[in-house]
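Keep the sequence and the coordinates open side by side as you read.

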Amino acid sequence: AGSENEVTQVNRCLDAAKACNVDELCQRLRTEYVSLCIRRLARADSCNRSKCHKALRRFFDRVPPEYTHELLFCPCDDTACAERRRQTIVPACSYEAKDKPNCLAPLDSCRENYVCRSRYAEFQFNCQPSLQSASGCRRESYAACLLAYTGIIGSPITPNYIDNSTSSIAPWCTCNASGNRQDECETFLHLFTNNVCLQNAIQAFGNGTYLSSAVAPSIPPTTQMYKQERNANRAVATLRENILEHLQPTKVAGEERLLRGSTRLSSGTSSPAAPSPWAASPLWMWPLLTPAVLSLSGM
């Protein structure tokens, strides 16, 4: 028996699971995705990843962050806790595979799917790192970054903890043999593996300060981080260009002029406000514009 002075160690990951079990919605949708993700297909030693991913998206979309975030970002001091956290999304079905593909494969698959494409854009936007920000996030919002991160779980680019000894996160892929798309591949991968905004957001959630942006970065600036911020700025610029491609040909020139006049993400200076490019967009374009994308026009 322990002494009277012995302090019982708090396991927030275990507490998160207990809290979910007493909430009807959380318990029901968690049971649903776990049962689908662990179920093996008849005459096959594999699961139905499509159904598993769909159930995961339903869980993270419908269950409040007070439950989902505690399950996914609970702080751990030992491997048992970290393994429970890593197993949250049933990685054997939703994340892992026999071999690791090149990251360009899931990325291209994501770009071909409207839901994944829009959620990935939101993740890029809300978790964009910044070396000039005290929090490490350009948008100064850890909560927005964590919410955007959970939004891509259950997609072709689903990320997860890579082991039970660290808090390192990555999608299940590598950038080996990327050919002339090596930079593109590394830009994507580093949004997870070398993202000071995402890493600080997870750490801040663990110590209870994630709702406050006035937190100094836990990771000192490096050459890789400078390169990452530059690539993140390019990613948002590319996002704007991709949206322009969907506009009616007769309006493209005008829309391009409006975008060039708007404030650039990579610039720390202000410029005269430009009219919103979305105001002149055809009605059929509006369903393609997520809240995160729409807010680009005001930057």
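Start at His53, which sits in helix α3, residues 49–62. The model is predicted. His53 has a relative accessible area of 10%. Buried means under 20%, so His53 counts as buried. Which residues does His53 touch, not counting those up to four places away in sequence? They are Ser94, Gly154, Ser155 and Thr158.

Now go to Phe59. With residues up to four places away in sequence set aside, Phe59 touches Cys26, Leu29, Arg30, Tyr33, Thr68 and Leu71. Phe59 also belongs to the largest nonpolar core, which has 55 residues. Phe59, Phe73, Tyr120, Phe123, Tyr149 and Phe188 touch the most other members of that core. Helix α11, residues 196–207, gives the core its largest share, six residues. As a general point, nonpolar side chains in soluble globular proteins tend to be buried together.

Packing leaves some gaps to inspect. The count is two cavities of 30 Å³ or more. The largest cavity holds about 60 Å³ of space. What lines the largest cavity? Its lining consists of Cys13, Ala17, Arg30, Leu71, Cys74, Arg84 and Thr88. By class, that lining has four nonpolar, one polar and two charged residues. Arg30 and Leu71 are in this lining, and Phe59 touches both of them.

Next, look at Ala82 in helix α5, residues 79–86. Ala82 has a relative accessible area of 5%, so it is buried. Beyond its neighbours within four places in sequence, Ala82 is in contact with Cys76 and Asn164. Ser165 is 83 residues from Ala82 in sequence, yet their C-alpha atoms are 6.8 Å apart.

Cys185 gives another buried site. This cysteine lies in helix α10, residues 182–193. Is Cys185 buried or exposed? Its relative accessibility is 0%, so Cys185 counts as buried. Neighbours within four places in sequence aside, Cys185 is in contact with Asn102, Cys103, Leu104, Thr174, Cys175 and Ser178. Thr174 is eleven residues from Cys185 along the chain, and their C-alpha atoms are separated by 8.4 Å.

Two loop residues deserve a backbone check. Ala177 is not a glycine, but its phi is positive, at about 55°. Ala177 is found in the loop between β2, residues 169–171, and α10. With a relative accessible area of 78%, Ala177 is exposed. Glu140 also has a positive phi, about 60°, and is not a glycine. Where is Glu140? It lies in the loop between α8 (114–126) and α9 (142–151). Glu140 has 34% relative accessibility and so counts as partly exposed.

Finally, step back to the whole chain. The protein chain has 14 helices and two strands. Of its 299 residues, 42% are buried. The chain exposes about 15,500 Å², and carbon and sulfur atoms supply 52% of that area. Take the contacts between residues at least 6 apart in sequence. Among these, 67% join residues at least 24 apart. The pairing of Ala82 with Asn164 is a contact to look at with that figure in mind.

Conventions:
Residues numbered from 1 in each chain as written. Predicted model: local features only at pLDDT ≥ 70, side-chain atom pairs only at ≥ 80, totals over all residues. Heavy atoms only, no water. 1 Å grid on protein atoms, 1.4 Å probe; cavity = no way out; pocket = protein on both sides within 12 Å on 5 of 7 lines; lining within 4 Å. Points joined across faces, edges and corners; volume = space filled by probe spheres on them. Nonpolar A, V, L, I, M, F, W, Y, C, P; charged D, E, K, R; others polar. Core = buried A, V, L, I, M, F, W, Y, C linked by side-chain atoms within 4.5 Å. Buried < 20%, exposed > 50% of the residue type's maximum accessible area, 1.4 Å probe, protein only. Helix = DSSP H or I, 4+ residues; strand = E, 2+ residues; numbered from the N terminus. Contact = heavy atoms within 4.5 Å. Areas by Shrake-Rupley, 256 points an atom, 1.4 Å probe, with all protein chains shown as cover.
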